[in-house]
Structures are given as structure tokens and as C-alpha cells.
Amino acid sequence: MGNEKCSWICWIVLLCLCECNASHLSYTISEEVNKGALLANIAKDLNINVQELEDRGLRILSSDSKKYFDVNLATGNIFVNDRIDREELCSNAERCSLRIQAVLLNPMVVHRIEVNVLDINDNSPDFNEHLYFLNISESVSPGERFLLPVAEDADVGSYAVKSYKLDKNEHFSLDVQSAGEDGLSAELVLQKALDREKQPVLKLIVTAMDGGIPGRSGTLQIHVNVIDSNDNTPIFSRSLYKVRVNEDTAPGNVLIKLNATDLDEGMNGKIVYSFLRRGNSDLTKVFDINSETGTVTLKSNIDFEKTPAYELRVQAKDQGASSRSAHAKLLIEVIDVNDNAPEILVTSLVTPIREDAKLGAIVALITVVDKDGGNNGLTKCGVVGSVPFKLKSNYKNDYSLVVDGQLDRENISAHNISIIATDEGSPPLSSMKIITVSVADVNDNPPRFVEPVLHIYVKENSPIGSTLYTVKAVDSDLHDNAKITYKLLPMSFINIQISSLLNINSDTGDIIGLQSFNHEELKTFQFKIQATDSGVPPLSSNVTVNVLILDENDNNPTILAPYSEHGSVNSETIPYSAESGYFVAKIRAVDADSGYNALLSYHLSEPKGNNLFRIGTSTGEIRTKRRMSDNDLKTHHLLVLVSDNGEPSLSATVSIDVMVVESTADVQTQFRHVPIKEDNFSDLNLYLLIAIVSVSVIFLLSLISLIAVRCHRTDSDFSRYSAPMITTHPDGSWSYSKATQQYDVCFSSDTLKSDVVVFPAPFPPVDAELISINGNDTFTRTQTLPNTDKVSDIFPHTVICIQILVGFMLQVVLTLHI
């Protein structure tokens, strides 16, 4: 049993996943040869170099439980490995052969070898009964025949029983006749009448000899008892009876009724029927005969696959004092019925199989066996369903299950292959066998990120060593093929190496900041991460990461010149006759932050009870609220607070002393240059008027068109955006507002300087632009970083663009005018 297990293990291991060719070799060997006897040289017969045998892994395989042959890889000789007994293998069959397979690897080749086993004369003829008693009446006439038991010889062909010999005597001779497939039959022939008074008992010896050289023999001792006369022998109606019976006939059915007659009367003429036992076979277990009527019935089930025909010897014997008997042959032919479904045998199976297996790679060897005969035993075999496998015929009922399509473990990790075999009987019988073949993983899938580009939002001033983000890649392979490691790809921007800013945990994908970020210095940067699996060879993929540094309110507003000079005394003068809305000063401030954190508002702190001045919260312009009165102070100390819109809000202050003077001649300011008024209406004034009217008309037409378009939108759009509203303010500014958005446009009342400021109020969208046009022909534009909120309505932006255009045209006209 150990050798058998080893043989099966070697058989499974040696099958590889490559193209396999089959060929057929035939050898002949005698039975009972010594172990180690040479069968053939496989290298010579296959025209293969002996040195290649071991490299290619030659193995001799057999489906038998015994390993009768093996191979010497050093010489290529196939030798006998176990005792070969033809009688044990093939019993009485004329032809006996063993089927083995020679398997070579790299590439794989399967050679079918048929070894014909020749019989040798190693068995002697043998009689089942070594002592045979024969009662013969003395009245028997010469020429009477008496059938003798046959000798059995396990050998076949020329080594089977070939002759019988009777010891020399004066009463009997031996008549040997051919019995067809059953060999020879021997009958004693009475040559001379018996005389019981002279010799009541005769002892004869019959010798059976086979055809070997030297021959073997066996003997049968016959005791002939001479009894008194019963001079009539029963006679069968026929010497040979034939009957055909289906193998599915139920026991108890009558097969045939024999008929024999005896001319004697009384007990000498009463016939008793019986079967004669021949050799070692006992057919009385299968058939029964009625001793009185001669009716033969079926006693047990019969099977065509085991015994296709039965030959019985029937005896009719009278009951006289010296009984006489007659013999006939009964031949029962069993008719095959398709009662055996094909049997599918898997002699080897390779599982799991790699998913990159080539087309034609062998997965299993399959043999189909049908015990029926004729068309009932002819089979067809195939694979059921749509699977990437097919059956390839090797030899008669031997098949190879091979790969017939692309395997993909990620889609199907195991295939249940249904194989059906059907015979050609009527009706046909079939059987099915399911073979489960697992698919082994191959590193054929690189790691995959969910998105090709990632956006990471990082707050500035985040602590060093904090985890900014965790990237995750997935790999549809298994085990090491799916074990992913991460790394940063080397790259730099503005002469800064990415490795100095970030690090990544190779196992978890955690991105760790190596320094604290400052939005004012670095707003965004980009880098790449590579994910690599642990397969052989490894596969990888990259993802681009965009890092956006989110602003925090960490910068106070800064007051711009001329009020920002350290240690300077900020003072302004106004005339006593100043009207309401008189321009006093303008505070300018900036904030290094962005977005809401850089959106500034101006507030004025005056002495209690004094409400002479006001300041534009968004412009920083200080103007008078009313005319002066005699009760007002001549010097006013103003404290301006500039605050941003961050959380928490940061602020800066500036102090201004406003002095009231009696006459306008005493008012001096560095910001104001009163233009010389011309009495005549010049060409420049005409151009100015035409430009202002044109721009205003274009603006009004554009605004009306946009409002009309918005009015024709669907109800859902109206529900999404409320009606726009344009509002003017006392400080000279006007605003456009809509549901969630409001935009202010502020114009300075200063005739020497004109500023157009467009900004959202009170909460600007993240993509709003702050544009300032000053009187010194400078153009400044600051844009905040994008916010995560999306502004889908294009209408407010269109209005802003038109407002900017109007302001720009006005600035140009004013410049030309100046």
C-alpha cells in the first residue's frame, strides 16, 4: 500500500501545465520473469538522449495496484519490478496485456505502453476429482461411450490441455474430441463386453497432458463397477440444446424443458435428470433442473458482463438396478441488456492550477469504463456547460482534461467541471462526474487606487508628526500578491524636496507631516505616492495627491500708509462749513490671511455723545454725518478699529485727531488735489459724457437681459434662487444681493481718487475677486483660495464682471479727464 500511495503522489506531482502529446508503444514479455529483467530501452525507442531522462523527470505509471515495471534513469532501461503472473492477471484469456504510461516533463509527453504478457508452461493439468467411479452394466454392448471429467489447465494456448491418454487395458479405449473453446473432452469407449463374474471392478488411469516442452500432466483414477444388465440407455431428443436469455431475466423463469426417453420399463425406464459438474465451476447455483420433468429454470441473477454464455452437461439416467445414462449439452447464451451506465474514473488530477496556465495544459487524466458489450459499451464523453476546459481524446476511452480558455482567479476561484459520459445503448445510459479544480493566484493585478487624483485639505499650523491623510489601495490578488506597501516618489517644487515635508507609513498608508505648514508661504503643492504589491514580479501603480493648505486666522490686519508709520501723529483737518458726508480720511488695511480671514471691516470709536463722524465698514472712508454746530469740539479724537472676519476675529487700531478749522483755505491734505474747473465745455468733457452714457446703457441692457433670462428658468430654479435686489447705501455704495450671495460696489466720493471695490457681503463665495482701481493708475487683484463649497449660479458672477467693466471704464475716463 505504501508503494501505491507513492505512485499516486508522483503521478499527480509530475503532471505539468503544458502541451502534451500521446504515442503508443508495444512490448512483449513472458510471465514469471525475474525481478530486474529488461523489458526495453525507452530512450532508444523514443529517440531521446539518456542524459535528458532525469532532467525531464521520466516516470513509469500504471493504474494497477502493483507497480510491475520501473525505469532506470541512468540507462533508460525499463525493467520488471514485481512478479508477473499471467493467470492472476488474465485468468483464461487468450491474450493478456498490461497498460502503463511513460510520462516526461518539460515539455510533458505521455507515451502509452502496452506490454503483452506471454504464457509459460507453469501449471499442470488437473482433474477436479482424482478418483472417479463409473458403474457399467455387463449388458452394455461394445461401442458404448462414457463421458469422463475434463482436466483443467490454468495455462492457455499451446500450454493448455492438448491430449488424454488411457493406460493400456483390454476393455476400454479413449476417444478424445475437440470441444471448441472448452478445449478437449474425453470419453471411454467400451471395446469389449464386461463380465462382472470375471472382473467386477476395473481400475483405469487417464492421463491429461498439455502441449509444453517439456510437457506437464495430471492423472485421473477411474473405478469401473460392473453391474447387472439394464440393457437400454436413455436417449435425449437432441444432443445439443441451445437457449437465449436476457441478462435481466428474473430468477424462477423457465428456460427450457429437456426430453429423454428410455425403452425399458419400470425402474429401468424411469429417467432422472441432473447436471454434470465439469471442472471447478458449479453452475447449480445459477440454474436448476427438475429431476423428473427436465425443466431448466433460472435460479439466480445472471450478468452478461461477467459470463456471456454458459455450457452445461445434462444427464438423463434411468432407475434400473444397473442404471444407464445419456448425456447432452445445454448451451445458454446471455443476451446483453444496457444495464450498466458508463463509469468515469479520474486517474490523476492537478489542483490548484495557476491562472496563467497555457491553453492545452493538462489538468486531469480520465478513463471511461462501460461493462456492457457491443453498442451498449460504446461511449461518448464531453464537458457540460461553458467552462475554460475541454476533453482531449488520447486513446479509445482515455481522455485528458485540458485548459481551453483564459483562467482568472479574481472572477472565478474554483471551477466545478461537469463531465458526462453516454453509451450508445437503447435506451442510452449516462453518468456525470463533477471535478472541482481550484485556480491558484498569479500576481496579474496591480494595486489600484479608488481615484487617480486625491485632494487633501490640511489646516495650516498643524502639529508636526500628525497624520494628514491615509491613502488606501486595493489589490484583487491574494496573499503576498495583495500585500501592499506605500512610498513617496521623489520630486521637488520650488527647490523643496517632498521628503522634507512629508513621510508615509509603508504598511498603513498614513501620510505624516514633518513640518507645520503656513498658508501664507505655501498654499498648495503636489506629490505622488506609489503602491507596490509583494508579488513576483511586483506590480505597482501611482496616485497624484494635491495638498491644499487651509488658511487659519493667524494674522492681524495691518494698517497701510500713511497711518501706519510708527510713532507718527495721525491728524486731519476739516472746515467748519463741511457739509454732511464730507470726506475726512480713508483708512487702508490688509490681512495676510485669505478668504473670510482676510475680509476686513472698519468701525469707528468716538467719545461718548459725539456722533459727528461715520466710517464705511467696508471702504474705511471717514465722513461727516452732519454739519458742524457751535457746540461741537474743535478737536476730535477718533479710534478706528479694523477687524477681520475670522474665528476668532483679529483686529488692529489706529488713532486720528480731526481738527475743525474756520476756513477751507486752512484745510491741507496730502491726498486731495482740487482740479481746475473749466468754464468752457471742452471736447474732453464731451468724450467723458459719451463714455459714461455708453457704459451705463450697456450695463443696464446687460442687467435687464440677465434678469429676463433668469425669469424664464424652471420653477425649481426659482425655488433655488430668490429674486435679486439692488440696494443703495448712504455712504455712496450700492449692493446686489440674492438669496445666499450679496455683492457690494463702493465708489469713493473723492473727486481726485476713485476706487471701485467689488466684494461679497456679508459672506463672500470662495471664488470671489477683490479688485481695486486707484487714482495712481495701479491695478491690484487678489484672489482667495478655493473653498470646498461650490457656487453653481453664474448669474452673480456675470453681474460682478459687468460691474468691474463699468468701474474700469470709469477709471479710464477719469484718468483721461485728469
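What is the handedness of the disulfide of Cys 90 and Cys 96? The torsion about its S-S bond is about 65 degrees, so the disulfide is right-handed. The structure is a predicted model. This briefing covers that disulfide, a strand hairpin, an open sheet and a surface patch.

**Disulfide and cysteines**
- The model holds one disulfide, and this bond joins Cys 90 to Cys 96 with an S to S distance of 1.8 Å.
- Cys 90 has a relative accessible area of 17%, which is under 20%, so Cys 90 counts as buried.
- Cys 96 is likewise classed as buried, because its relative accessibility is 2%.
- A further cysteine, Cys 381, also counts as buried, with a relative accessibility of 19%.

- Strand S4 spans residues 69-72, and strand S5 spans residues 77-80.
- The two strands run antiparallel and are joined by four bridges.
- Within this pairing, Val 71 is placed opposite Ile 78 of S5.
- S4 and S5 make up a hairpin with four residues between them; in the turn, Gly 76 adopts a positive phi of about 85 degrees.
- In a regular strand, side chains alternate between the two faces of the sheet.

**Open sheet of S36, S42 and S41**
- Three strands form an open sheet in the order S36-S42-S41, and their pairing is antiparallel.
- Strand S36 (467-470) and strand S41 (502-504) are the edge strands; each has a single partner strand, so one side of each lacks a neighbour in the sheet.
- From one strand to the next, the twist averages 25 degrees.
- Three bridges connect S41 with strand S42 (residues 510-513) in the antiparallel sense.
- Leu 502 has Gly 513 in S42 as its bridge partner.
- Strands of a sheet pair through backbone hydrogen bonds, in either a parallel or an antiparallel sense.

**Nonpolar surface patch**
- A nonpolar patch on the surface is formed by Leu 689, Val 693, Val 697 and Leu 701.
- Together these residues present about 350 Å² of accessible area.
- Leu 689 lies in helix H5, which covers residues 683-711.
- The relative accessibility of Leu 689 is 46%, and Leu 689 is therefore classed as partly exposed.

Technical notes. Residues are numbered from 1 along each chain as its sequence is written. This is a predicted model: local features need pLDDT of at least 70, side-chain atom pairs count only at pLDDT 80 or more; totals for chains, interfaces and linings use all residues. Side-chain values use heavy atoms; hydrogens and water are left out. Patches are made of residues with over 30% relative accessible area and no salt bridge: like charges are joined within 9 Å, nonpolar side chains (Val, Leu, Ile, Met, Phe, Trp, Tyr) within 5 Å. Accessible areas come from the Shrake-Rupley method with a 1.4 Å probe; for residues, only the protein chains shown count as cover. A salt bridge is a side-chain nitrogen of Lys or Arg within 4 Å of a carboxyl oxygen of Asp or Glu. Buried means under 20% relative accessible area, exposed over 50%, partly exposed in between (1.4 Å probe, protein chains only). Two strands pair if DSSP finds at least two bridges between them. Axes are lines fitted to C-alpha atoms, for helices over the stretch in contact, and angles run from 0 to 180 degrees between N-to-C directions. A disulfide is a pair of cysteine sulfur atoms within 2.5 Å.
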